[in-house]
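Please go through the model below with the text beside it. The paragraphs take up the core and then some of the packing around it.

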Amino acid sequence: MRFDRNSTAASLLVVLACGLVVVPVGDRGKVSADLPMSAAPAKSAQRLSLKKAEEAVARIHSIAGRAIVDVEFKIERRSLDKAVALLGETETLRILENRHYWPEPIPEDDASHRRWERLLPLREALLGRLGTMNPGIALNRFPSGAQAILRAAAAVDGPAALKLWLETRDGWRTGGMPPGLYGSSEWIEGVGEIPLIGSPGARESAIGASLVEGWASADLEGAWEEIGKVESELHSAPELNALVRELPAGSDWSEWAARLLPIPWKNDWYDNVEESQNPMLTLTKRWIKDDPDAAFAWLREQQVKWDEEFRAALSTEDYPINRGSVPSWPLSATTGHTVFVEGEVFVLADWLRSRLAEALEWMNANPVKDEILADTIEWSRLPSSTKIDLIRRIGNPSTRGSAATTLAWIEAPATTRGQEREGELAKFHSLMTELQAIENIQEDQKARLARIAAEGKSGAYERVQSE
């Protein structure tokens with residue numbers, strides 16, 4: 001499969017297969033679209049195109065060179081994309097295979113990893129460019145770049161990109177798997193094209209998600225038509241999530257919820273689908289910005305059904321399934337146990353993080369369950385000031401005190417001794433003063449807060465043991 005685009009001097013002329021030239025109308029008047037191409041204009045056009053490509057190559061080398069020597073330099077993607085768009089297949093391959101930029105084997109030192117990371121925007125842009133021109137060669141030569149390649153290819157021709165991916169994937173599964181995809185000199189864990197992903201199945205889902213993202217960005221309904229098929233190969237959580245992320249603002253969220261619900265994906269603790277990859281939660285996060293009442297009502301209604309499915313799964317030998325909850329990872333900060341957290345926690349946290357005033361105003365008129373507030377305090381990375389506000393909204397004294405000690409434990413330093421951390425300790429003691437001033441907390445929990453304030457994390461050790 002090959003994706004052909006006129007990549008050089010596209011704004012000046014388009015050379016058609018039939019030998020005709022289409023020239024845009026400029027200030028000098030009209031030019032006939034069926035003007036036969038003579039030898040002289042062809043040579044002139046060739047020289048002009050080559051000059052543009054050469055300028056683009058020089059610009060790209062300049063950007064790469066600066067990123068290599070300047071650790072503070074950040075590649076500006078807009079100007080980079082303009083230059084990369086002028087490259088042909090040969091120029092793109094030549095830069096991607098430049099061992100000065102991406103040596104093989106890649107040294108294991110931290111400096112080399114950071115250099116790879118600084119050059120990653122360039123590599124992704126080049127891989128995407130190659131994906132629009134010849135994704136087959138791109139996947140064969142740069143398998144660890146499959147996400148960038150297929151995202152770009154699918155934006156040009158979704159069905160063709162999917163066909164290529166399934167053929168490539170099946171080839172990898174039957175023994176032709178390239179070492180670059182699952183660990184080699186071309187691959188740096190957490191820095192290369194594919195982020196930290198544990199299992200081959202999860203890696204395949206990540207690649208499929210990038211394909212869906214590109215496809216949906218250019219043809220949303222076409223991508224959905226493929227995903228909506230019962231026999232579709234695109235039914236993992238990340239793949240569905242990619243489509244939801246591409247839905248335009250103001251979409252009919254209830255309609256999309258009805259479309260997504262029948263899709264047979266699952267969230268299990270073996271593959272550990274994080275909340276950011278859960279399509280139902282992503283849909284609710286998008287929906288909530290238009291209609292929080294309807295969004296929360298829908299999510300809570302579905303959560304009851306998902307919880308019933310989850311309890312039924314626990315009674316079998318199958319892995320637990322719960323599309324609306326998320327297995328905690330890392331393990332619970334306070335107990336050391338794996339727990340499942342209701343999706344509403346992450347939806348609420350995302351809303352508080354992105355639109356704090358709007359979320360708090362809504363919560364004033366629509367109280368949230370104490371348990372949801374307590375879990376939001378433990379499982380989100382909201383500022384401490386926001387979490388203290390949530391603690392004050394908890395009505396039950398026991399739950400309120402537990403949430404306060406959880407926040408204290410999360411923020412506590414390992415020890416309260418050591419002058420070298422005066423700023424950190426001052427911030428911690430300020431937080432503890434606020435927590436200890438919260439009213440309606442049980443006496444035993446006040447004692448725990450006092451111990452944490454005096455001793456840091458070691459003062460909360462007995463809580464971890466007791467739970």
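The model is predicted, so local features need pLDDT of at least 70 and side-chain atom pairs count only at pLDDT 80 or more, while totals for chains, interfaces and linings use all residues. Residues are numbered from 1 along each chain as its sequence is written, and side-chain values use heavy atoms, with hydrogens and water left out.

The largest nonpolar core holds 112 residues. A nonpolar core is a set of buried Ala, Val, Leu, Ile, Met, Phe, Trp, Tyr and Cys residues joined through side-chain atoms within 4.5 Å; buried means under 20% relative accessible area, exposed over 50% and partly exposed in between, with a 1.4 Å probe and protein chains only. Leu122, Leu243, Leu283, Met363 and Leu435 have the most contacts inside this core. Its largest share, nine residues, is supplied by helix H4 (residues 110-133); helices (H or I, at least four residues) and strands (E, at least two) are DSSP runs numbered from the N terminus.

Leaving aside neighbours within four places in sequence, Leu283 is in contact (heavy atoms within 4.5 Å) with Val244, Leu247, Trp253, Trp256, Ala257, Leu260 and Trp298. Lys285 is found in helix H13 (residues 279-288). Is Lys285 buried or exposed? At 11% relative accessibility, Lys285 counts as buried. With neighbours within four places in sequence again left aside, Lys285 is in contact with Glu275, Phe346, Val347 and Asp350.

Helix H18 (residues 384-393) has Thr386, Lys387, Ile388, Leu390 and Ile391 as its buried residues. These pack against helices H15 (343-354), H16 (356-365), H17 (370-379), H19 (397-411) and H20 (422-436). The axes of H18 and H20 come within 11 Å and cross at roughly 10°. Axes are lines fitted to C-alpha atoms, for helices over the stretch in contact, and angles run from 0 to 180 degrees between N-to-C directions. H18 is therefore roughly parallel to H20; angles under 35 degrees count as roughly parallel, over 145 as roughly antiparallel, 65 to 115 as roughly perpendicular and the rest as oblique. Ser384, Ile388, Ile391 and Arg392 of H18 make the contact with Leu431, Glu434 and Leu435 of H20.

The axes of helix H6 (residues 146-156) and helix H9 (residues 200-218) come within 7 Å and cross at roughly 25°. That crossing angle makes H6 roughly parallel to H9.
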